[in-house]
Amino acid sequence: MTTAANPSRDVLDMSFFQDPYEVYERLRAEGPVHPMRTPDGIDVWVIARYEEAKAALSDARFTKTFDGVPDIFAQQNTGISAHEGYTDILTKHMLFADPPDHTRLRELSAKAFTRRRVESLRPEITRIVDGLLDTLAGEQEIDLLRRVSFPMSMAVTCRLLGIPPADEDAFRRWTETIFTTNDPARMNEAVRAVDEYLVGVIEAKRADPADDLITALINAREDGDRLTDRELVSTCALMFVAGYETTASMVGNAVLALLEHPDKLAELKADPSLMPNAVDELLRFDGPVNVATLRSTATDVTIGDTTIPKGQFVLVSLISANRDGDKFPEPERLDFTRPLGGSLAFGHGIHYCLGAPLSRVEIEVALSRLLARYPNLSLARKPSTLTWRNSLLVRGLTALPIRLS
């Protein structure tokens with residue numbers, strides 16, 4: 001058994017984002033956990049194998065609370081501040097909480113984010129997608145992400161929360177800035193804008209309740225407990241961070257996978273009843289979340305023959321775990337009849353994505369309506385020319401040019 005406080009680390013360069021699967025295949029072959037350095041110079045431990053990844057996602061020795069993050073950044077002397085570009089709006093929610101705080105926040109949120117509410121959105125999601133496809137009439141080539149995936153996901157998220165359609169463009173700009181900028185000033189400006197906007201919306205919903213998620217979150221109670229104003233704002237922001245970008249990116253990933261596997265695309269068009277299974281398999285095959293949100297060790301943690309010291313960042317790779325051949329035979333093969341139990345695309349344990357049912361519905365509707373409207377769509381560029389976003393969190397293309405006929 002080895003304990004490594006300052007181990008030698010492989011450095012992930014920018015090419016990692018273009019083909020992480022090649023790196024992860026090597027890591028899985030070498031062992032379950034690896035000391036790495038991210039492209040921006042942060043020291044982390046990466047868990048790449050399925051069994052260890054699944055265990056880590058529900059291991060209380062890995063803390064999710066944000067409190068210790070600034071100290072770890074300071075110890076690494078990276079020059080990165082954990083507070084640059086961040087306020088309570090991005091940290092006072094269930095993804096940055098451990099039990100009992102997490103339990104309380106999730107139970108209150110779950111009372112509002114019900115399966116009935118998700119299913120009631122299916123007709124609206126269909127109308128949104130059909131409306132976006134209507135705007136493509138007469139066009140031969142489009143960027144699917146810009147014209148369909150991201151507008152759909154933003155519209156659905158806004159409808160869910162109860163945000164007026166007129167404000168969707170502003171929210172899209174703020175969210176894209178939060179996800180893509182390396183400029184702390186621009187980050188802070190976008191975060192403040194979202195914060196101020198949501199505070200105003202929550203006040204308006206208190207005065208004039210509606211049948212939407214924000215109103216439901218305001219009214220959610222458990223044994224007399226309720227979400228504080230800060231928790232309400234942060235939870236609403238989480239819906240965008242966790243749902244909007246990842247779902248939109250997944251639609252692109254799924255369409256690319258289908259176009260690169262024409263036999264599977266033909267199979268799905270011939271039997272649309274396969275769509276729910278196909279969505280699950282596509283999520284496993286190339287999911288929208290590279291690594292789960294940040295964890296750190298609350299104590300020394302031993303995995304295999306390696307002990308990760310207390311106070312270290314740990315990244316659990318969901319897309320690597322979902323390509324582990326010990327769990328999924330022939331993991332590089334797309335198979336819509338695969339028994340999928342155990343895919344980690346939406347995480348595992350107490351932090352399993354609360355919005356997973358909604359994301360599945362959005363992906364299913366988007367693919368179904370797109371293939372029905374444009375059964376002969378094809379890639380407009382060679383796959384090797386497509387570029388992927390430089391993000392450790394989101395696995396998604398920067399653009400997906402397709403021919404509609």
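Predicted model: local features only at pLDDT ≥ 70, side-chain atom pairs only at ≥ 80, totals over all residues.
Helix 14 itself spans residues 275-285 and is mostly covered, as eight of its 11 residues are buried. These buried positions are Met275, Ala278, Val279, Glu281, Leu282, Leu283, Arg284 and Phe285.

Two packed helices are described by the angle between their axes and the distance between the axes. For helix 12 (residues 229-260) and helix 16 (residues 356-373), the axes come within 10 Å and cross at roughly 45 degrees. Angles from 65 to 115 degrees count as roughly perpendicular and those under 35 degrees as roughly parallel; helix 12 and helix 16 are therefore oblique to each other. The crossing of helix 12 with helix 16 is right-handed. On the side of helix 12, the contact is formed by Thr247, Met250, Val251, Ala254, Val255 and Leu258, which meet Ser359, Glu362, Ile363, Ala366, Leu367 and Leu370 of helix 16. Sorted by class, the residues of this contact comprise nine nonpolar, two polar and one charged.

Charged side chains were examined next. A salt bridge requires a side-chain nitrogen of Lys or Arg within 4 Å of a carboxyl oxygen of Asp or Glu, and by this rule the count comes to 29 salt bridges. One of them joins arginine 26 to aspartate 10, with 3.4 Å between the closest N and O atoms. Because arginine 26 belongs to helix 2 (residues 20-30) and aspartate 10 to strand 2 (residues 10-11), the pair ties together parts that are 16 residues apart in sequence. Both partners fall in the middle class of accessibility: arginine 26 is partly exposed at 35% relative accessibility, and aspartate 10 is partly exposed at 37%.

A further salt bridge is found between the side chains of arginine 61 and aspartate 59, at 2.8 Å from N to O. Here the two residues fall on either side of the 20% cut-off for burial. Arginine 61 has a relative accessible area of 34% and is partly exposed, whereas aspartate 59, at 18%, is buried.

Aspartate 211 and arginine 117 form another salt bridge, in which the closest N and O atoms are 3.5 Å apart. Aspartate 211 is located in the loop between helix 10 (184-207) and helix 11 (213-219), while arginine 117 is located in helix 6 (residues 115-120), so this pair ties together parts that are 94 residues apart in sequence. The accessibility of the two partners was also computed. Aspartate 211 is exposed, with a relative accessible area of 68%, but arginine 117 is buried, with a value of 11%. Salt bridges also link Glu124, Arg127, Arg159 and Glu168 into a network.

Serine 384 is found in the loop between strand 11 (378-379) and strand 12 (401-403). With a relative accessible area of 68%, which is over the 50% cut-off, serine 384 counts as exposed. Its C-alpha atom is separated by 44 Å from that of valine 199, a residue 185 positions away along the chain.

Technical notes. Residues numbered from 1 in each chain as written. Heavy atoms only, no water. Helix = DSSP H or I, 4+ residues; strand = E, 2+ residues; numbered from the N terminus. Buried < 20%, exposed > 50% of the residue type's maximum accessible area, 1.4 Å probe, protein only. Axes fitted to C-alpha atoms, helices over the stretch in contact; angles between N-to-C directions. Parallel < 35°, antiparallel > 145°, perpendicular 65-115°, else oblique. Left-handed = near helix turned anticlockwise from the far one by under 90°. Contact = heavy atoms within 4.5 Å. Nonpolar A, V, L, I, M, F, W, Y, C, P; charged D, E, K, R; others polar.
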